[in-house]
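Please read this report with the model open beside it.

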Amino acid sequence: MCRCESRVSVLRFAPGLALLACLTLSLQAAEPADAQVIRGVVMDSASQLPITGVHVVVTDSAGRDMQRSMVDTNGEFEFLARIPGWYAVRAERWGMTTVVVERVDVAAGDTVSLTLALAQLPIERLVDELGKIVDLADREPPPESDVGGESAIGAGFAYTEGGGVIVGQVHEVEDVRREVGGRVGLVGVGLAAEVDWEGRFVIPGLPEGTYPLAYLRPSLGGLDWDYSLVDAAVLLGDTTTVTLQPAHPHRVLARACGLDEWKPYTGVVEGQVLLPRSGLAAQGIRVVAEWFESGTINAGGVFGTVMTAVAQTNVMGTFRICRIPTDRTTVEVTAGERSSRVSATVNLFDDTPVVKITLQLPSRPGSGGR
């Protein structure tokens with residue numbers, strides 16, 4: 001009995017925000033006609049880890065909702081399709097983007113596996129979508145709150161009426177300067193608030209629950225989104241006060257790269273590789289970073305070593321290469337092989353050790369653009 005597999009990655013865009021959905025189709029051995037299966041896992045597009053609390057809906061070709069379910073504790077879901085045909089799958093979660101795969105073709109006896117990636121929503125988008133905004137210029141904070149009025153909260157913040165509030169302050173480690181634009185985010189939720197020049201922050205309008213908090217440095221490019229510092233318990237109409245001591249950037253970088261220690265004056269190049277013309281995510285593509293490290297300089301010239309680091313794109317077409325020099329060395333990043341290669345050059349600096357790039361593979365000669 002033969003088995004054939006095909007993989008297709010789907011990249012969707014919503015107004016003002018890129019949504020990524022990667023689709024992997026596995027055509028398995030023939031089964032009874034009533035055994036069509038649609039299964040999958042939902043991931044955070046930033047951390048690439050499975051997430052919970054996601055509502056998944058399967059719609060038939062006529063636009064009717066056929067089945068609804070929440071993902072399990074591993075971020076996974078599974079539906080049985082009663083008849084072959086095509087279906088749409090929608091995944092949505094509070095505080096994150098909604099991802100829709102508009103067409104999933106399911107033949108008799110097939111099992112279709114999806115990997116859906118949801119992106120975090122900024123606080124302004126989240127509050128607007130909830131449709132319950134209270135402008136603190138026109139209204140006092142809830143009576144139970146000890147925030148202390150507009151001066152403590154800061155202009156432009158709003159809260160959902162009846163929701164809980166997290167208020168706190170960030171104290172950086174002594175040898176790390178505070179970055180402009182730093183934020184405090186709720187891990188796995190996508191809600192984030194800016195930190196002012198004194199390290200103060202407020203996250204308003206929260207449903208009751210316990211929220212892991214992370215400190216987000218602009219220079220780390222989102223690698224700290226899942227680096228939880230403390231859990232804040234929130235009650236409706238109440239205010240929870242916390243103090244955060246962020247981890248050293250080197251610890252965050254080492255964790256993101258799966259290393260025990262981080263080599264100073266190095267950084268990370270990460271990004272995505274896309275297929276030719278279609279712009280779909282390219283899985284299993286070899287990505288190579290090359291740079292020149294000088295050794296000695298004399299009358300004969302500059303002598304050194306060409307250094308290389310290699311990675312491979314995952315199911316979402318993304319890659320991460322660690323320990324790249326941050327001393328303004330020019331780094332050439334190449335994806336693909338032979339006639340289907342594409343390259344770009346980047347430079348890393350001590351104050352911006354994380355660089356993100358997107359590479360689209362060229363069409364092969366004679367391929368007709370397929």
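**Basis.** This is a predicted model, in which local features need pLDDT of at least 70 and side-chain atom pairs count only at pLDDT 80 or more, while totals for chains, interfaces and linings use all residues. Residues are numbered from 1 along each chain as its sequence is written, and side-chain values use heavy atoms, with hydrogens and water left out.

**Overall.** The protein chain has three helices and 26 strands. Both are DSSP runs numbered from the N terminus: helices are H or I with at least four residues, strands are E with at least two. Of the 370 residues in the protein chain, 47% are buried. Buried means under 20% relative accessible area, exposed over 50%, and partly exposed in between, with a 1.4 Å probe and protein chains only. Contact means heavy atoms within 4.5 Å. Among contacts between residues at least 6 apart in sequence, 63% join residues at least 24 apart.

**Two open sheets.** Strands of a sheet pair through backbone hydrogen bonds, either parallel or antiparallel. Here two strands count as paired if DSSP finds at least two bridges between them. Val269 has Ile321 in β23 as its bridge partner.

Another open sheet of three strands has the order β16-β13-β19, and its pairing is mixed. At the edges stand β16 (200-206) and β19 (239-244), each with a single partner strand, so one side of each has no neighbour in the sheet. The twist averages 20° from one strand to the next. Gln169 stands opposite Arg200 in β16.

| Strand | Partner | Bridges |
|---|---|---|
| β20 (residues 266-274) | β23 | seven |
| β13 (residues 164-170) | β16 | five |
| β5 (residues 55-60) | β6 (residues 65-70) | five |

**Hairpin and threonines.** The hairpin of β5 and β6 has four residues between the strands, and Gly63 takes a positive phi near 85°. Thr59 lies in strand β5. Thr59 stands opposite Asp65 in β6. Thr59 counts as buried, because its relative accessibility is 10%. Leaving aside neighbours within four places in sequence, Thr59 contacts Arg64, Asp65, Met66, Tyr87, Ala88 and Arg90.

Thr358 sits in strand β26. Thr358 counts as exposed, because its relative accessibility is 54%. Beyond neighbours within four places in sequence, Thr358 contacts Gln272 and Leu274. Thr358 and Thr318 are 40 residues apart along the chain, and their C-alpha atoms are separated by 9.0 Å.

**Cavities.** A cavity is a set of points on a 1 Å grid over the protein atoms alone where a 1.4 Å probe fits but cannot get out; lining residues have an atom within 4 Å of a point. Points are joined across faces, edges and corners, and a volume is the space filled by probe spheres set on the points. How many cavities of 30 Å³ or more are there? The count is two. The second largest cavity holds about 50 Å³. Its lining is Tyr215, Arg217, Asp224, Tyr227, Leu229, Pro246, Ala247 and Val252. By class, the lining of the second largest cavity has six nonpolar, no polar and two charged residues. Ala, Val, Leu, Ile, Met, Phe, Trp, Tyr, Cys and Pro count as nonpolar, Asp, Glu, Lys and Arg as charged, and the others, Gly among them, as polar.

Terms used:
On a 1 Å grid over the protein atoms alone, a cavity is a set of points where a 1.4 Å probe fits but cannot get out, and a pocket is an open set with protein on both sides within 12 Å along at least five of seven lines; lining residues have an atom within 4 Å of a point. Axes are lines fitted to C-alpha atoms, for helices over the stretch in contact, and angles run from 0 to 180 degrees between N-to-C directions.
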